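Please look over the protein shown below before reading on.

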Amino acid sequence: MHHIPFKGNQALERQSIMKKHLAKSILLLFVLLALACPASAREDCATKAADIIYPAPQQACLGQAARLAGIPNFSAQTDAFTQKAADHMIAAFQILGIKPQAARGNVLQINLLPNTEVRNGAFRDEGYSIEIPASGAPITVRANSETGFIYAALTLGQLVHTGADGAPAIYTGTVDDYPAFAFRGVLEGGYEIWQHENRSDVLRWMGPIKMNYFIYAPKEDPYFRRQWRKPFPQEELDKYREYIAICDEYNIIFAFSMSPALNMEYSSDQEFQTLVAKYRQIQDLGVVHFGIFFDDVLPFLSTPADQARFEHIAEAEALVTNRLLEFLRKNDPSARLFFVPNQYWGWTPTKYWEIISRDLNPEIEIGWTGIDIVSKEITVAHAEKFKETVGRYPAIGDNYSPLYALARREAGLYKTASSFVNNPYDFAEDELAQLSKFVDATVGDYAWNPEGYDPDRSLFEATQRIVGGGEDHTRALLLALRIGYSHRASQIQSAWYKDIKAATETLAQAPAGKLPAQAEALEKKIHTMLARIRELKGIGMNPLMYGQLEPILWKADEMLSTARMALDPATVAKKNPDSLAAEIKNALKM
């Protein structure tokens with residue numbers, strides 16, 4: 001056996017070097033994979049962001065909560081952080097009674113900086129980012145606009161909470177957020193009209209869920225359609241001033257609209273000047289966005305003068321709309337105008353669309369409800385077909401109005417349209433205005449982040465914010481809506497409704513001797529649910545909302561009480577399982 005000096009040692013050295021290189025390669029691979037993984041998939045994202053932040057953020061990685069380090073102190077290095085933005089930032093921490101003070105003592109440093117990402121899109125840059133280290137401080141907030149900082153403040157207000165030990169805490173991690181649709185909001189456009197109190201309340205509610213657009217277009221407002229020539233009296237103008245002031249708090253755009261289509265003589269310059277003067281009354285209050293509606297009227301030229309001037313109604317509509325934008329811009333070059341056509345759904349090639357696509361100013365957006373007046377679904381393909389016919393993408397003004405979440409709207413629509421607003425037409429009556437918040441909150445969630453949107457999650461989160469309470473009270477309200485308002489809320493996926501239904505079906509199959517025990521368990525469950533429903537009145541819900549929910553809650557209470565009586569231990573033993581189950585299902589209209 002010959003000894004070969006150092007050969008074994010050299011081999012070991014080569015193996016050692018190879019292992020080191022392999023280890024480095026594996027480490028590099030893990031780093032690259034970690035960077036490539038979406039934030040929500042990383043192990044350090046221990047808290048599900050969509051359960052905390054509403055509307056759901058585009059990108060977020062939230063870790064464990066940390067104690068707040070002290071009193072917030074703001075250090076701004078950008079002019080975009082205005083006093084209004086500062087007020088919202090202060091409010092985010094005042095939720096827990098934490099107030100700002102000068103930078104001395106135990107402070108929480110909050111740095112306000114320009115955002116490295118610029119997302120102007122079709123409108124202002126509303127994006128923002130937040131960085132909160134594991135220690136909870138300092139906090140860095142980045143944005144390029146006042147609105148971006150306001151939205152960041154709203155998100156901070158959701159990250160701040162009372163910790164398990166009762167002390168103020170904040171979820172740590174990063175948020176990089178921005179809206180998919182530039183314009184997101186509510187179109188009051190039904191055949192009834194909200195009164196001043198409810199409309200004002202809806203406007204106040206929109207801002208905290210990052211909706212930024214409200215279109216005033218109720219067809220039963222006489223000044224909107226039937227009396228469009230009549231100037232606004234002072235008391236009406238004062239109401240508009242109040243709406244504008246409410247919107248200004250969260251930088252919501254108040255868009256004023258009218259519909260002269262019932263009886264305007266389009267060829268008359270005097271009629272046009274009357275129309276312009278009415279719009280100017282609102283423009284003088286500071287409104288910049290406007291709409292003109294030609295929907296839901298017969299598409300005919302009704303006067304001899306119009307018939308002599310125009311060959312088709314579309315020519316008249318396009319001319320008036322183009323001139324209106326021109327005159328509005330004489331007062332304010334930043335004025336914007338959208339157009340709701342007579343043919344506001346579908347994409348069938350017609351003479352009407354041929355003229356509109358040819359004549360209408362390309363800067364004027366066209367409102368569209370999808371494939372139908374009330375569309376079961378709206379897809380990217382639908383929007384593309386509209387573009388093929390009209391030559392431009394639509395501004396989506398949806399007519400979606402169940403008491404449920406927005407559904408069957410394709411995630412990619414934001415790539416074809418800059419606007420997504422919804423007309424909750426089934427809640428156009430003033431006594432139902434508050435109920436529109438359920439569906440419209442989910443519209444705001446979808447329009448902010450369509451790719452991350454989930455209807456049932458969105459409705460639950462929206463309901464929890466409407467309730468103002470915990471998860472059990474949220475489940476209680478969803479159950480009450482599901483059974484007490486079933487003609488409009490049948491799509492609600494109520495966990496408690498499913499529990500009762502499953503327990504009732506099990507009851508129907510109860511073996512001999514087991515019925516009393518199973519009935520008792522279900523009775524106790526319904527008793528607890530009833531208690532949570534009855535507590536809804538005293539947990540701080542918006543009084544206007546509670547007032548409109550109260551008849552539904554009473555009905556649900558009555559139905560559950562009837563089901564509970566059927567489970568009375570004194571009578572259960574005399575019933576067979578099938579008949580008892582049928583009695584419960586009948587009481588709850590299952």
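Leucine 588 is buried, since its relative accessible area is 2%, where buried means under 20%, exposed over 50% and partly exposed in between, for a 1.4 Å probe and protein chains only. The model is predicted, so local features need pLDDT of at least 70 and side-chain atom pairs count only at pLDDT 80 or more, while totals for chains, interfaces and linings use all residues. Residues are numbered from 1 along each chain as its sequence is written, and side-chain values use heavy atoms, with hydrogens and water left out.

- Leaving aside neighbours within four places in sequence, leucine 588 is in contact with Ile483, Ile500, Met559, Leu560 and Ala563, contact meaning heavy atoms within 4.5 Å.
- The C-alpha atom of leucine 588 is separated by 23 Å from that of glycine 547, and the two residues are 41 residues apart along the chain.
- Lysine 219, in the loop between S9 and helix H5 (234–249), is also buried, with a relative accessible area of 4%.
- Not counting residues up to four places away in sequence, lysine 219 touches Gly189, Gly190, Tyr191, Glu192, Phe224, Arg225, Arg226, Asp295 and Asp296.

**Helices**

- The axes of helix H2 (residues 83–94) and helix H3 (residues 146–159) come within 8 Å and cross at roughly 5°; axes are lines fitted to C-alpha atoms, for helices over the stretch in contact, and angles run from 0 to 180 degrees between N-to-C directions.
- H2 and H3 are therefore roughly parallel to each other, a label for angles under 35 degrees, whereas those over 145 count as roughly antiparallel, 65 to 115 as roughly perpendicular and the rest as oblique.
- On the H2 side, Lys84, Ala85, His88, Met89, Ala92 and Phe93 meet Glu146, Phe149, Ile150, Ala153, Leu156 and Gly157 of H3.
- Helix H12 (residues 455–467) has 13 residues and reaches 18 Å from its first C-alpha to its last, close to the 18 Å expected at 1.5 Å a residue, the expected span being 1.5 Å times one less than the number of residues.
- In H12, 10 of the 13 residues are buried, and helix H11 (436–448), helix H13 (471–484) and helix H17 (543–566) are among the elements that cover them.
- Just after H12, glycine 468 takes a positive phi of about 80°.

**The barrel**

- Eight strands close into a barrel in the order S8-S9-S10-S11-S12-S13-S14-S15, with parallel pairing; two strands pair if DSSP finds at least two bridges between them.
- Neighbouring strands of this sheet are turned by 25° against each other on average, direction ignored.
- Strand S13 (residues 365–368) pairs with strand S14 (residues 395–398) in the parallel sense over two bridges, and tryptophan 368 has isoleucine 396 in S14 as its bridge partner.

**The whole protein**

- The secondary structure comes to 19 helices and 15 strands, and the C-alpha trace spans about 115 × 85 × 60 Å along its principal axes.
- Buried residues make up 53% of the 590 residues, and among contacts between residues at least 6 apart in sequence, 74% join residues at least 24 apart.

Conventions:
Helix = DSSP H or I, 4+ residues; strand = E, 2+ residues; numbered from the N terminus.
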